[in-house]
Amino acid sequence: MNKFIKKIVLFLAGLGMLNVLIYLSLYLYHNRMFFESDAIFAWGDSQMYEGMDLTGLSVALDKKVYSSAGYGAGVYDFLAFTERVPEASEVVVAVSKLMQIRRKENDYNRTGLSPKGLFALWQNNYSEREIFTIVKKNLKPAAYIRSHIKLTPYRDTMQSNLPIAHFQNYYQQIPSFLTDKQNIYLVGIKNLIDKKCKIIFLEFPYHPQLAEVENQSVILPKTENFKERIGSLFPEFQTDTILLATDKNIFKDFSHLNELGATLLAEKLGQRMKESKTTTLYIVRPGTK
């Protein structure tokens with residue numbers, strides 16, 4: 001009987017190890033883990049996905065640029081990203097205001113299993129049910145690292161699938177989880193600092209109609225203060241503004257740039273990154289130069 005039990009235990013242990021090996025193999029297959037020594041890594045939600053011309057930024061810096069940005073990317077995805085970025089990398093991180101206020105159940109949460117990330121969620125008031133849901137979403141590895149993204153072609157006018165009322169609903173009141181998400185965001189930034197990464201922060205613009213909604217919201221002071229909390233993590237930190245010319249439409253919709261906006265941003269950001277020696281948050285705005 002004891003031999004039989006031992007065989008069962010060994011079989012289950014072997015099966016568990018096999019599953020781990022299969023998971024890691026699929027993960028490595030979907031997401032190459034060997035990069036150029038001077039590669040740049042970008043992370044953000046859909047604003048980064050739609051708003052950054054990876055090829056243009058790569059040309060401007062003469063370096064390969066990889067993006068882990070995706071629609072609905074949330075704080076858990078950011079934590080998983082920071083764990084996998086190579087040491088001493090140059091990283092572009094979007095400080096997304098919509099990500100901070102997006103309802104937790106609408107976050108993507110599919111960037112692989114991260115025990116440390118799950119623990120950080122638990123420490124910041126994510127329920128056992130919410131954490132278990134994230135675990136289930138990551139049992140099958142998915143591709144999330146890209147070096148090229150098809151951008152939204154230019155149009156003379158902005159066209160949105162979502163009405164402005166959708167965003168007004170989000171900005172009506174301060175979400176109960178806002179501080180929790182911001183705290184987790186800071187954990188990810190600290191991970192990058194511990195890895196001695198050079199970090200460039202980027203805040204994408206809103207269309208003027210959405211900017212007006214934000215300016216009238218009680219949430220605005222909270223998201224503005226968060227930028228100060230980020231700055232406090234660094235001995236030297238500054239903010240700078242990147243203006244994108246508005247003689248043509250640069251917006252896909254209320255919260256995303258189109259191809260023209262993404263191309264202009266890549267060109268200007270690349271130039272700033274080559275010149276900057278200090279950790280900087282670049283605030284992108286419609287402008288005239």
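User: Which residues of helix α3 are buried?
Analyst: The buried residues of α3 (residues 54-61) are L54, L57, S58 and L61. Buried here means under 20% relative accessible area, with exposed over 50% and partly exposed in between (1.4 Å probe, protein chains only). Bear in mind that this is a predicted model, where local features need pLDDT of at least 70, side-chain atom pairs count only at pLDDT 80 or more, and totals for chains, interfaces and linings use all residues. Residues are numbered from 1 along each chain as its sequence is written, and side-chain values use heavy atoms, with hydrogens and water left out.

User: Why do you say the buried residues line one face of the helix?
Analyst: Down the axis of α3 the buried residues fall within an arc of 100°, so they line one face. The arc is taken from the directions from the helix axis to the C-beta atoms.

User: What do they pack against?
Analyst: The buried residues of α3 pack against β1, β2 and α12. Contact means heavy atoms within 4.5 Å. Helices (H or I, at least four residues) and strands (E, at least two) are DSSP runs, numbered from the N terminus.

User: And what caps the N-terminal end of α3?
Analyst: D53 does, with a side-chain oxygen 3.3 Å from the backbone nitrogen of T55. A polar contact is a pair of N or O atoms within 3.5 Å; within protein, one must be able to donate a hydrogen and the other to accept it, and residues adjacent in sequence count only if both atoms are side-chain atoms. Just after α3, D62 has a positive phi of about 55°.

User: OK, switching to the sheet. What's the strand order?
Analyst: It's an open sheet of six strands, β2-β1-β3-β4-β6-β5, with parallel pairing. The edge strands are β2 (65-67) and β5 (237-245), and each pairs on one side only. Two strands pair if DSSP finds at least two bridges between them. From one strand to the next, the twist averages 20°. Axes are lines fitted to C-alpha atoms, for helices over the stretch in contact, and angles run from 0 to 180 degrees between N-to-C directions.

User: Which helices pack on it?
Analyst: Among them is α4 (residues 75-84), which touches β1 (40-43) and β3, its direction making about 165° with that of β1. Another is α11 (residues 220-231), touching β4, β5 and β6 (279-287), at about 130° to β5.

User: How many bridges join β3 to β4?
Analyst: Five, between residues 90-94 of β3 and 198-203 of β4. V92 has I200 in β4 as its bridge partner.

User: And β5 to β6? How many there?
Analyst: Nine, and these strands run parallel. L243 has R285 in β6 as its bridge partner. With helix α12 (residues 259-275), β5 and β6 make a right-handed β-α-β unit. Right-handed means that, with the strands pointing away from the viewer, the path from the first strand over the helix to the second runs clockwise.

User: Where does I250 lie?
Analyst: I250 is in the loop between β5 and α12, and is buried at 2% relative accessible area. Beyond neighbours within four places in sequence, the contacts of I250 include L244, A245, L257 and L264. I250 and T157 are 8.7 Å apart, C-alpha to C-alpha, and 93 residues apart in sequence.
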